[in-house]
Amino acid sequence: MSELRTDRLLLRRWRESDLEPWAAMNADPEVREHLGELLTREQSAATVAVMQAEFDDRGFGWWALEARETGEFIGRVGLDEVDEDMSFAGVDIGWRLMRSAWGHGYATEAALTCLAFGFEALGLLEVVASTTVNNLRSQAVMRRIGMTRDPADDFEDPSMPEGPLRQCVLYRTPAEILTAYTTRRYTISTTVYR
(Lines give C-alpha, C1' and ligand atoms only; values in the text may rest on other atoms or scores of the structure.)
Protein backbone atom coordinates (compact mmCIF):
# COMPACT_ATOMS: atom_id res chain seq x y z
CA MET A 1 0.00 0.00 0.00
CA SER A 2 1.22 3.48 -0.84
CA GLU A 3 1.79 6.22 1.69
CA LEU A 4 1.56 9.84 0.61
CA ARG A 5 3.24 12.76 2.35
CA THR A 6 2.88 16.49 2.26
CA ASP A 7 4.75 19.02 4.37
CA ARG A 8 2.18 18.66 7.16
CA LEU A 9 0.36 15.40 6.56
CA LEU A 10 0.88 11.67 6.25
CA LEU A 11 -1.72 9.60 4.38
CA ARG A 12 -1.06 6.09 5.62
CA ARG A 13 -2.39 2.63 6.39
CA TRP A 14 -4.81 2.32 9.27
CA ARG A 15 -3.45 1.29 12.67
CA GLU A 16 -5.11 -0.27 15.70
CA SER A 17 -4.53 3.00 17.58
CA ASP A 18 -6.72 4.84 15.04
CA LEU A 19 -9.87 2.99 16.04
CA GLU A 20 -10.67 4.99 19.20
CA PRO A 21 -10.39 8.46 17.62
CA TRP A 22 -12.16 7.17 14.47
CA ALA A 23 -15.03 5.83 16.59
CA ALA A 24 -15.17 9.11 18.52
CA MET A 25 -15.44 11.02 15.22
CA ASN A 26 -18.29 8.78 14.06
CA ALA A 27 -20.11 9.35 17.36
CA ASP A 28 -19.78 13.15 17.07
CA PRO A 29 -23.05 14.75 15.86
CA GLU A 30 -21.20 17.70 14.29
CA VAL A 31 -18.86 15.44 12.28
CA ARG A 32 -21.84 13.28 11.20
CA GLU A 33 -24.16 16.22 10.46
CA HIS A 34 -24.10 15.62 6.69
CA LEU A 35 -23.45 11.86 6.81
CA GLY A 36 -26.41 10.35 8.62
CA GLU A 37 -26.80 8.42 11.85
CA LEU A 38 -24.07 8.20 14.47
CA LEU A 39 -22.02 4.99 14.39
CA THR A 40 -21.24 2.70 17.30
CA ARG A 41 -17.67 1.65 18.06
CA GLU A 42 -18.41 -1.73 16.47
CA GLN A 43 -19.76 -0.11 13.30
CA SER A 44 -16.69 2.14 13.11
CA ALA A 45 -14.38 -0.88 13.50
CA ALA A 46 -16.26 -2.63 10.70
CA THR A 47 -15.74 0.36 8.39
CA VAL A 48 -11.98 0.24 9.03
CA ALA A 49 -11.88 -3.45 8.11
CA VAL A 50 -13.77 -2.74 4.87
CA MET A 51 -11.52 0.23 4.01
CA GLN A 52 -8.39 -1.86 4.53
CA ALA A 53 -9.71 -4.76 2.43
CA GLU A 54 -10.75 -2.47 -0.42
CA PHE A 55 -7.36 -0.77 -0.41
CA ASP A 56 -5.62 -4.15 -0.56
CA ASP A 57 -7.84 -5.26 -3.46
CA ARG A 58 -7.67 -2.09 -5.56
CA GLY A 59 -4.47 -0.33 -4.58
CA PHE A 60 -6.36 2.79 -3.58
CA GLY A 61 -9.06 3.77 -1.13
CA TRP A 62 -9.27 5.53 2.23
CA TRP A 63 -6.07 6.50 4.00
CA ALA A 64 -5.84 7.33 7.68
CA LEU A 65 -4.76 10.96 7.93
CA GLU A 66 -2.04 11.93 10.40
CA ALA A 67 -0.59 15.32 11.33
CA ARG A 68 3.15 14.82 10.82
CA GLU A 69 4.21 17.32 13.48
CA THR A 70 2.33 15.56 16.29
CA GLY A 71 1.74 12.05 14.90
CA GLU A 72 -1.94 12.52 15.79
CA PHE A 73 -4.69 10.78 13.82
CA ILE A 74 -6.94 13.54 12.47
CA GLY A 75 -9.29 11.74 10.08
CA ARG A 76 -9.47 10.03 6.75
CA VAL A 77 -9.12 11.03 3.10
CA GLY A 78 -9.14 9.05 -0.08
CA LEU A 79 -10.53 7.82 -3.34
CA ASP A 80 -13.38 5.36 -3.69
CA GLU A 81 -15.36 3.82 -6.51
CA VAL A 82 -18.83 5.34 -6.84
CA ASP A 83 -21.57 2.95 -5.66
CA GLU A 84 -23.43 1.17 -8.46
CA ASP A 85 -26.82 2.53 -7.38
CA MET A 86 -25.79 6.13 -8.05
CA SER A 87 -26.83 8.05 -11.16
CA PHE A 88 -23.17 8.64 -12.08
CA ALA A 89 -20.03 6.51 -12.20
CA GLY A 90 -16.31 6.92 -11.63
CA VAL A 91 -13.96 7.50 -8.73
CA ASP A 92 -15.02 9.74 -5.86
CA ILE A 93 -12.77 11.77 -3.57
CA GLY A 94 -13.71 12.43 0.04
CA TRP A 95 -12.49 13.45 3.45
CA ARG A 96 -13.66 13.38 7.06
CA LEU A 97 -11.71 15.17 9.79
CA MET A 98 -11.97 15.49 13.54
CA ARG A 99 -13.47 18.80 14.61
CA SER A 100 -10.13 19.82 16.16
CA ALA A 101 -8.59 19.57 12.66
CA TRP A 102 -11.18 21.79 10.96
CA GLY A 103 -10.11 25.20 9.68
CA HIS A 104 -6.40 24.42 9.18
CA GLY A 105 -6.47 23.63 5.46
CA TYR A 106 -5.82 19.92 6.06
CA ALA A 107 -8.77 18.72 3.96
CA THR A 108 -7.62 20.81 0.99
CA GLU A 109 -4.00 19.73 1.32
CA ALA A 110 -4.88 16.06 1.67
CA ALA A 111 -7.44 16.16 -1.15
CA LEU A 112 -4.97 17.74 -3.57
CA THR A 113 -2.50 14.98 -2.73
CA CYS A 114 -5.18 12.33 -3.39
CA LEU A 115 -6.00 13.96 -6.72
CA ALA A 116 -2.33 13.92 -7.69
CA PHE A 117 -2.14 10.22 -6.80
CA GLY A 118 -5.33 9.46 -8.71
CA PHE A 119 -4.28 11.24 -11.86
CA GLU A 120 -0.55 10.42 -11.84
CA ALA A 121 -0.32 6.96 -10.26
CA LEU A 122 -3.71 5.53 -11.20
CA GLY A 123 -4.12 7.29 -14.54
CA LEU A 124 -7.66 8.48 -13.79
CA LEU A 125 -9.15 10.86 -16.34
CA GLU A 126 -11.66 12.42 -13.95
CA VAL A 127 -12.49 12.46 -10.25
CA VAL A 128 -15.89 13.35 -8.79
CA ALA A 129 -16.98 14.48 -5.34
CA SER A 130 -20.42 14.67 -3.80
CA THR A 131 -21.99 15.93 -0.62
CA THR A 132 -25.31 17.15 0.69
CA VAL A 133 -26.62 20.40 -0.70
CA ASN A 134 -26.24 22.01 2.76
CA ASN A 135 -22.63 20.90 3.39
CA LEU A 136 -21.07 24.23 2.46
CA ARG A 137 -17.71 23.46 4.13
CA SER A 138 -17.08 20.42 1.92
CA GLN A 139 -18.30 22.26 -1.16
CA ALA A 140 -15.77 25.01 -0.39
CA VAL A 141 -12.98 22.39 -0.28
CA MET A 142 -14.18 21.01 -3.63
CA ARG A 143 -13.91 24.47 -5.20
CA ARG A 144 -10.49 25.08 -3.60
CA ILE A 145 -9.10 21.90 -5.19
CA GLY A 146 -10.29 23.01 -8.63
CA MET A 147 -13.54 21.06 -8.92
CA THR A 148 -16.60 22.53 -10.61
CA ARG A 149 -20.32 21.89 -10.28
CA ASP A 150 -22.99 21.67 -12.95
CA PRO A 151 -26.39 21.89 -11.18
CA ALA A 152 -27.77 19.53 -13.84
CA ASP A 153 -25.64 16.78 -12.21
CA ASP A 154 -27.15 17.23 -8.75
CA PHE A 155 -28.94 14.12 -7.51
CA GLU A 156 -30.84 12.37 -4.74
CA ASP A 157 -28.84 9.84 -2.74
CA PRO A 158 -30.90 6.64 -2.82
CA SER A 159 -29.21 5.35 0.36
CA MET A 160 -30.64 8.22 2.42
CA PRO A 161 -34.21 8.59 3.73
CA GLU A 162 -36.35 11.52 2.63
CA GLY A 163 -35.01 14.71 4.15
CA PRO A 164 -32.08 17.13 3.94
CA LEU A 165 -29.40 14.44 3.55
CA ARG A 166 -31.00 13.06 0.38
CA GLN A 167 -30.41 16.14 -1.82
CA CYS A 168 -26.78 16.14 -3.04
CA VAL A 169 -24.49 18.13 -5.28
CA LEU A 170 -21.87 16.67 -7.61
CA TYR A 171 -18.51 18.26 -8.43
CA ARG A 172 -16.02 17.09 -11.05
CA THR A 173 -12.44 17.71 -12.08
CA PRO A 174 -10.57 16.35 -15.11
CA ALA A 175 -6.94 15.27 -14.90
CA GLU A 176 -5.61 18.21 -16.93
CA ILE A 177 -6.81 20.70 -14.30
CA LEU A 178 -4.58 19.39 -11.53
CA THR A 179 -1.11 20.46 -12.62
CA ALA A 180 -1.97 24.05 -13.50
CA TYR A 181 -4.19 24.51 -10.46
CA THR A 182 -1.88 23.08 -7.82
CA THR A 183 1.26 24.69 -9.21
CA ARG A 184 -0.35 28.07 -9.00
CA ARG A 185 -1.74 27.75 -5.47
CA TYR A 186 0.20 25.06 -3.63
CA THR A 187 3.54 23.37 -3.39
CA ILE A 188 2.73 19.75 -2.73
CA SER A 189 5.32 17.07 -2.40
CA THR A 190 3.61 13.79 -3.19
CA THR A 191 5.89 10.84 -2.61
CA VAL A 192 4.61 7.37 -3.28
CA TYR A 193 6.16 4.71 -1.05
CA ARG A 194 5.68 1.08 -2.08
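I'll start with a charge over a ring: the charged end of Arg 76 lies over the ring of Trp 62, 3.7 Å from the ring centre. There is another case of this kind, with the charged end of Arg 58 over the ring of Phe 60, at 4.7 Å from its centre. Before going on, a reminder that this is a predicted model.

Now the aromatic rings. How many aromatic pairs does a search of the whole structure find? The search gives five. One of them is Trp 63 with Phe 117, an edge-to-face pair with 5.3 Å from centre to centre and 85° between the planes. The cut-off for buried is under 20% relative accessible area. Elsewhere, ring pairs join Trp 14, Trp 22 and Phe 73 into a cluster.

Next, the strands. Strand β1, residues 4-5, pairs with β2 in the antiparallel sense, over two bridges. Three residues lie between β1 and β2, and the two strands form a hairpin. Which residue of β2 is the bridge partner of Arg 5? The partner is Leu 10.

On to β2 and β3. These strands run antiparallel and are joined by four bridges. Here Leu 9 has Ala 67 of β3 as its bridge partner. As for the faces of β2, residues 9-12, both are covered. Leu 9 and Leu 11 are on one side, Leu 10 and Arg 12 are on the other, and all of them are buried. Note that Arg 12 is among the buried residues.

Last, the helices. Helix α1, residues 19-26, packs against helix α2, residues 41-58, at an angle of about 115°, and their axes are 9 Å apart. The crossing of α1 past α2 is right-handed. Which residues make the contact? From α1 they are Leu 19, Glu 20, Trp 22, Ala 23 and Asn 26. From α2 they are Arg 41, Ser 44, Ala 45, Thr 47, Val 48 and Met 51.

Technical notes. Residues are numbered from 1 along each chain as its sequence is written. This is a predicted model: local features need pLDDT of at least 70, side-chain atom pairs count only at pLDDT 80 or more; totals for chains, interfaces and linings use all residues. Side-chain values use heavy atoms; hydrogens and water are left out. Buried means under 20% relative accessible area, exposed over 50%, partly exposed in between (1.4 Å probe, protein chains only). Two strands pair if DSSP finds at least two bridges between them. Rings of Phe, Tyr and Trp (its six-membered ring) pair if their centres lie within 6.5 Å; planes under 30 degrees apart count as stacked, over 60 as edge-to-face and the rest as tilted. A charge sits over a ring if NZ of Lys or CZ of Arg is within 6 Å of the ring centre and within 35 degrees of the ring normal. Axes are lines fitted to C-alpha atoms, for helices over the stretch in contact, and angles run from 0 to 180 degrees between N-to-C directions. A crossing is left-handed if the near helix is turned anticlockwise from the far one by less than a right angle, and right-handed if clockwise. Contact means heavy atoms within 4.5 Å.
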